[in-house]
Amino acid sequence: MRITNNMMTTNLLTNVNKNLERMSKKQNELASGKKIHYASDDPVLAAKVLARRTDLAELDQYDRNTRDALGWIEITEKAIEDNGELMQRIRELTVQAANGTNTAEDTQKIQAEVMSLREQLISNANSTYAGRYIFSGFETDKPLLKPDGSYNIDVDQYSIDNKPIVKYEVGVGESINVMTSGLDIYGTVEEINIMNDTFPSGTAKGTVAVQEKLVGVFDFDVNYTLDNLDVTIAGSNYVVDESTLAGTSGRPLTKDQVLSAYSDATNGNGLLSDVANVYFNAKDELVIESKLSGQMSMSQFSSIYTPVSEQRTDATISMLKGNFDLTQDYSLDTLDVDFDGTIYNVDESLLVATVFTDLTEAEVIAAYENADDGFGGVLSDVADVYYDDNGVFTIESKTAGNINISQASGIFTSFTDIGLNATADRMIGDFDLEVDYSLDTLDVSVSGVSYDVPEAALIGSTLTPLLQADVVTAYENASDGSGGILSDVANIFFDATGKLVIENKSLALESMSQSSGIFTTTLTEAVVKEEAVINNGALPFVDPLLPEDIDILMDNDISIVINGVARKVKPSFDAVITDVASYVAEINLRLDDAFGSDVVDLSVSPPANKLTFTAKNTINSIEPEITIDFPRTHTSQLIADIDELIDNLEIGKHSRIGELLDTLDGHIGNMLSLRADIGARSNRMDLIALRISSNSVSFTSLLSDAEDADMAEVVMELKNAENVYQASLSAGARIIQPSLIDFLR
Amino acid sequence: MASTFFGYSIAKTGLAASQMMLNTVSHNIANANTEGYARQRITSHAYAPDTFPSAPGTIGTGVAVDNTQQIRDEFLDFKFRSETTKVGEYGALADTYRTLESIINEPSDSGITTVMDEFFSAMHELNKNPESLTTRALVRQRAIALTETVKGLSKSFKNEQVNLDFEVTVVASQINGYAKQITDLNRGIYMTELNGAKANDLRDQRNLVVDKLSELVDIQYYDDSAGRFYVDVNGRSLVSHYTHDELIPMERLTRENPDDVDRLHDLQWKSGSTFTAQSGKMKALLEMRDNISGSQKGLPYYVDKINEFVDVIATELNRVHKSGYDLNGDNGTNLFTINNMSTSDYESSLIVGGYNGTAAIDVSSAVIAGTDISLTEDENNQIIRDNINSILRNNPDYTGKSIKYLQGQYMVVDRITAEDISISSDIEFDLDKISASATAEGAPGDGDNALNLAQIRHNVGLYAWGSPDDFIKSLVSNLGVDAQEAMRNEANEEVMLSQIDFNRQSIMGVSLDEEMSNMVMFQQSYNAAARLMSTLTEMIDTVINLGR
């Protein structure tokens with residue numbers, strides 16, 4: 001190969017460049033310590049690196065969560081442990097005090113100590129972690145107990161049954177509850193209140209009921225005025241006034257028109273809207289939904305196929321064509337035309353051409369048009385006679401189809417041609433053979449003449465479907481009332497796709513319609529949730545209310561939970577309440593405020609002031625559930641028991657003090673079981689923390705494997721690349737320098 | 001018997017030929033480093049010999065110089081150019097992918113995955129300290145950081161699209177310029193060669209321009225029998241002897257892809273029809289600028305993917321956030337809207353004009369088809385998500401749209417795009433509005449909803465590609481694979497090209513050694529011819545002196 005100096009220079013440059021590139025890459029790896037900088041360096045590894053980094057970032061978060069959870073649980077554990085010891089001490093003191101040998105001074109000392117222990121119990125209840133009160137449930141911004149030992153937070157049955165759960169996530173999909181409810185430790189005292197005994201309370205759930213509805217597609221482009229859209233519900237027929245429902249494709253019906261026609265349908269006594277909801281659903285189907293629950297027969301007569309009117313262009317027409325010589329004398333000829341078996345007699349005597357005068361085209365046409373069949377009909381009734389664009393004499397059938405037209409004399413060649421204007425109307429639609437049409441109106445109107453289809457014969461069902469032949473026969477025999485039947489003017493058949501076709505025999509574009517244009521209704525069972533009702537109580541006051549009763553009503557919250565949403569209501573402070581009715585009205589206002597209107601309703605029925613709370617079916621997919629409860633007292637059972645102990649110590653009632661020992665033992669047992677629970681959680685947290693740290697180590701090493709450069713290897717490679725680089729430079733210097741020029745002297 | 005001075009005449013042709021050859025050597029050396037220069041050689045032959053009646057045989061009459069010939073291999077030129085086209089294409093692809101990779105900036109400590117890590121981390125902190133305003137502020141800032149990051153990505157992508165568009169117009173004008181140069185050179189060459197001479201140096205220049213043109217578009221070129229030169233691009237004539245067509249960038253009136261920047265340019269021939277490229281740099285530029293799908297995914301694909309990512313995660317975060325309760329026990333708002341709108345403004349604007357500026361399309365019934373109260377909430381949510389995905393996939397009108405739950409209905413609306421996303425003004429102005437609590441009475445201590453929000457990152461049903469993390473991972477590795485392929489192709493083609501160029505240079509390059517040895521050779525032959533002259537002179541001298 002011929003090598004030039006430039007080639008060598010280029011080669012050298014390319015190679016030096018490659019070496020530099022390699023060195024730069026290695027140097028980059030060394031400087032950053034990373035194997036990959038762009039995803040394209042190694043797409044698979046890059047994806048792995050991303051995954052590992054996310055894992056690590058998450059582990060980091062889980063680690064922090066675990067440590068926070070541990071902190072919280074430790075504080076809880078400490079407080080409960082402390083409480084346990086305090087209670088133990090109180091128990092010892094109680095045992096001492098129960099001993100009848102104590103002097104009054106001893107008892108007083110014991111009482112003083114119990115009181116200070118009580119202070120400590122209260123202060124433990126208000127322990128905090130990072131500024132949050134750990135025993136106050138979700139009300140973490142409030143201390144659990146007031147200094148007097150009563151609850152500072154909201155206490156009701158709901159908060160007792162639904163213990164607050166603060167979950168910390170400590171692994172993917174793995175969370176742990178860190179919270180212990182203070183109510184569990186300190187207990188609650190039930191309030192004794194005149195309302196508590198008589199006011200309705202408890203939980204009620206809505207039951208499942210079945211309602212029926214009719215659903216169907218309502219075609220807005222159809223004229224329903226000849227139709228029968230009546231709806232039957234539970235045996236009662238509601239007559240729909242179809243006269244307002246004249247839709248056309250140019251001016252379709254509006255939904256409002258349809259809805260009002262149905263809503264105003266009457267059975268003579270009441271409206272359809274009284275017993276059913278009529279609306280368009282999200283799929284734009286018309287729904288008639290019974291308001292009555294339970295399965296009852298609903299039906300709408302019309303349930304038909306929707307015929308679509310269209311123009312057909314595949315119609316054939318028969319024509320007779322020929323060159324009519326205008327210079328001949330036809331008077332002795334026979335020009336009579338055989339049109340589909342009927343002979344039309346042409347008066348040939350009119351067609352006489354002489355040497356001086358030729359026939360005119362008009363004369364010929366007139367002669368043929370007036371050809372009569374002997375029964376009063378003329379040829380122009382059934383055929384058009386004209387000269388076509390090419391001057392050829394034509395007799396064209398007015399009806400589509402293969403019709404034999406012939407003439408004895410040979411001036412015509414008869415053939416069937418597809419006319420240019422061979423369009424005809426037809427209607428086409430799906431005909432459901434499994435439907436009972438006996439109550440329906442299927443009447444067809446062709447060119448303004450209505451043909452009455454004998455629907456009574458068309459009783460189809462899923463088990464005994466109609467035969468296509470029966471349907472065709474019924475339509476064919478549809479009578480116009482004056483002797484004509486539909487098959488005279490139209491062909492009726494099922495096409496290859498199973499659609500019923502009513503095809504106008506006439507070629508003119510004439511109006512065709514079927515009165516039933518209808519929507520297909522299907523009966524569906526809607527599952528609807530009934531209302532949930534609580535009515536097991538009454539207001540225990542006389543009406544009108546006494547001032548002290550009003551005070552009780554004004555002061556007392558009613559705690560209501562509906563579908564998991566808990567609210568408290570009581571009359572607003574400025575409400576004017578004088579009697580039961582005004583109280584109920586005020587509570588209803590507050591209920592609307594709390595839950596929104598139409599969710600829950602309070603009603604009262606005299607004379608016993610029986611109260612009924614009704615949770616309505618607001619959300620279709622949820623069975624309504626209602627719980628009514630009275631507020632609990634804000635007294636802690638534990639503190640109350642200790643207070644009783646202190647009181648008894650005060651008066652030195654040994655027998656009662658002895659009895660209180662059992663109560664104290666109960667509290668101590670409670671503390672122990674809570675401690676066990678917390679301890680178990682604490683252990684679990686320790687294990688999780690351990691797992692996270694070991695995961696973290698292994699993930700870090702995986703990440704490092706994936707993305708960190710192996711320094712030793714990179715240094716070696718860099719050194720190697722450097723050597724190659726130097727070698728290529730020195731080789732280049734040697735080769736390029738000498739050339740012939742150096743030796744030409 | 002030949003004339004006395006016949007020898008002079010022979011020697012003179014030798015002198016002249018050697019001189020011309022020396023000049024050509026000189027020309028070669030002078031152009032040793034000229035780009036595109038092909039070395040030249042003088043071809044010569046012996047003059048037709050004379051016959052003499054007085055003597056048998058013929059006698060040579062000297063040397064005749066025929067032509068200055070270029071040493072060049074047309075086939076290698078052809079191979080070189082078709083390879084250049086590929087290098088141009090893959091080079092442009094690789095360049096763009098390099099830019100895309102720098103924009104996405106993954107794997108790194110500052111890419112979108114890190115921002116997401118921080119965002120979800122903030123949600124965990126919120127779960128642990130739902131009442132703390134510090135934590136809430138952190139959540140807000142992380143949410144803003146997320147919006148800013150995707151906004152930055154989207155803007156950079158679109159910026160790159162503008163750059164590519166500019167490059168398209170530049171390359172178009174380059175093509176026009178080259179076409180013009182070729183017609184000029186055609187004129188020079190044709191004129192020069194009318195008398196049968198070879199316009200070697202002009203041809204070199206033209207070959208060089210064709211080389212350069214071949215990098216930009218795929219060209220076919222040929223000479224006709226009359227020596228006219230033609231260049232076609234993808235079957236359309238670019239240069240036809242003295243005339244050439246031009247590419248005109250026309251501003252687009254409608255966007256080709258929903259998220260394109262406005263007023264990109266389509267190329268059109270001045271003579272009318274639209275321009276299409278089969279390969280070359282231009283094709284790569286157009287593909288990278290316009291392709292939203294296909295084998296060579298361009299910028300619109302990545303913009304679309306980022307938008308899909310943003311819309312789905314924002315919609316899901318909004319859904320969960322709305323299902324919670326804020327610090328005051330009120331129902332949640334949206335976490336994200338567009339252009340700093342409030343939740344209510346955003347939703348009503350969507351309903352009125354959220355679908356291409358027209359009212360949103362209600363598809364609730366199709367979306368909830370198949371859900372049932374007997375199933376769990378998670379199962380129903382999954383059915384709804386699947387339905388939404390299939391509705392969006394199966395309806396071509398809904399490409400690049402999103403289905404959102406607005407005021408109780410599922411509606412088809414425009415996506416929340418990466419460019420427009422922002423946190424909702426409700427949350428921007430009131431930290432209390434962040435709904436950490438899952439129940440109304442849970443406030444302030446309940447952080448369950450924050451945990452629900454944090455768990456969204458593990459929801460593998462969210463995207464066709466899995467969870468949000470998986471989505472980014474797939475996007476990055478897809479880009480990596482594409483970029484790697486483009487770079488590998490570029491490197492391969494460059495090797496091929498340099499190999500062909502090596503061969504080409506081997507034929508047409510100037511070798512100084514060769515020229516030097518030729519110089520010595522021609523110098524010697526010149527000297528010899530001169531020497532002959534002087535010998536002849538001596539001979540004649542002798543003859544003349546005979547008569548003395």
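**A strand pair and its surroundings**

Guide: Let's begin with B:Val233, which stands opposite B:Arg236 in E7(B). This is a predicted model, where local features need pLDDT of at least 70, side-chain atom pairs count only at pLDDT 80 or more, and totals for chains, interfaces and linings use all residues. Residues are numbered from 1 along each chain as its sequence is written, chains are lettered from A and ligands numbered from 1 in the order written, and side-chain values use heavy atoms, without hydrogens and water.

Visitor: In which sense do E6 and E7 of chain B pair?
Guide: Antiparallel, over 4 bridges, with E6 at residues 229-233 and E7 at 236-240 of chain B. Strands are DSSP runs of at least two E residues, helices of at least four H or I, numbered from the N terminus; pairing takes at least two DSSP bridges.

Visitor: What's the strand order in that open sheet?
Guide: In chain B, E5-E6-E7-E8, paired antiparallel. The edges, E5 (219-223) and E8 (243-244) of chain B, each pair on one side only.

Visitor: Which helix lies across E6, E7 and E8 of chain B?
Guide: H4 of chain B, residues 133-193, at about 45° to E7(B). Axes are lines fitted to C-alpha atoms, for helices over the stretch in contact (heavy atoms within 4.5 Å), and angles run from 0 to 180 degrees between N-to-C directions.

Visitor: Switching topic, what does B:Met282 touch?
Guide: Leaving aside neighbours within four places in sequence, its contacts include B:Val168, B:Ile175, B:Leu216 and B:Phe275.
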